[in-house]
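Me: I have a structure to go through with you. Can we start with the pockets?

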Amino acid sequence: MISSTKFVVKKLKSFIDLTDNEISTFSSMPSRLITLSAGREIVHEGQRAHNAFILLDGWVASYKLLPDGTRQIIDFQIPGDFLGLRSLLLRTSDHSFEAITEITIAEVSAQNIKSTFAKSPRLASAILWAASRDEAMVVEHLVNIGRRSAIVRTAHFLLELGIRLNLIGVGTKNSYPCPLSQYLLADALGLSAIHINRVLRQLREQNLMTFQKGIVHFDNLEKLIELADFQVGYLDQDEPIIRNDTGHTGH
């Protein structure tokens with residue numbers, strides 16, 4: 001069984017208004033609970049025949065290593081996120097996962113996921129939504145690195161993190177805890193740590209936001225959104241699309 005589902009259920013319920021029975025079906029899915037310290041690898045690029053994971057607590061980085069030893073962070077996973085779900089359908093994992101804080105994950109086999117999907121098609125739809133939303137974020141990150149200036153991409157990325165965390169009940173609209181170092185942000189945003197430091201100082205001096213002592217605080221959220229031209233629609237979390245009373249779509 002999955003010991004704690006509060007974060008993942010909050011996330012999935014933003015797409016489908018899951019019933020108590022569906023939540024129970026998900027929670028009772030056979031799994032193995034694993035705790036790892038910061039810096040530990042979960043899955044490495046090229047690994048074959050691995051299971052999927054649900055992040056119950058802590059933060060994870062997904063990344064690809066380049067031949068020169070540098071890395072490109074694809075995204076950061078927060079509680080409630082799935083790890084390696086897509087790779088269950090591929091022969092090998094196309095990227096790596098590493099804990100950046102102490103984490104607790106639930107390891108779930110492909111067979112148990114398939115059995116759960118067979119029992120609850122609506123639950124399967126919710127998990128497919130989660131995977132699709134992750135893909136939408138990766139597309140946005142590609143635009144970030146390819147076309148946005150350093151200050152805009154940094155603001156956009158930190159706004160996105162805040163909204164993702166707010167969905168699962170972590171932090172507030174204007175502030176959230178963030179364990180990311182400037183080196184991690186640099187690897188995610190395609191910048192150097194020195195450049196990240198300069199950009200964060202600019203945002204602070206413009207009274208838009210601060211990132212100090214592990215806390216991101218939006219000092220002027222409206223102007224920060226305007227600077228980043230942040231359009232929240234790609235995160236698709238305004239309200240459940242499928243209700244449990246009729247099963248009809250919402251929006």
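Me: Which residues line the second largest pocket?
Reply: Leu159, Gly162, Ile163, Asn166, Thr172, Lys173, Phe218, Leu221, Ile225 and Phe230. A pocket is an open set of points on a 1 Å grid over the protein atoms alone, where a 1.4 Å probe fits, with protein on both sides within 12 Å along at least five of seven lines; lining residues have an atom within 4 Å of a point.

Me: Which elements give two or more residues to that lining?
Reply: Helix H5 (150-167) and helix H8 (221-228). H5 gives the largest share, four residues. Helices are DSSP runs of H or I, at least four residues, and strands are runs of E, at least two, numbered from the N terminus.

Me: What's the lining like by class?
Reply: Six nonpolar, three polar and one charged. Gly counts as polar here.

Me: Where do these numbers come from?
Reply: This is a predicted model: local features need pLDDT of at least 70, side-chain atom pairs count only at pLDDT 80 or more, and totals for chains, interfaces and linings use all residues. Residues are numbered from 1 along each chain as its sequence is written, and side-chain values use heavy atoms, without hydrogens and water.

Me: New topic. Why is strand S3 largely enclosed by the rest of the structure?
Reply: Because five of its six residues (52-57) are buried, meaning under 20% relative accessible area with a 1.4 Å probe, protein chains only.

Me: Which residue is the bridge partner of Phe53 in S8?
Reply: Glu107. S3 and S8 (residues 103-108) pair antiparallel over five bridges; pairing takes at least two DSSP bridges.

Me: And in S6?
Reply: Leu83 is the partner of Phe53 there. S3 and S6 (residues 82-83) run antiparallel, joined by two bridges.

Conventions: Buried < 20%, exposed > 50% of the residue type's maximum accessible area, 1.4 Å probe, protein only.
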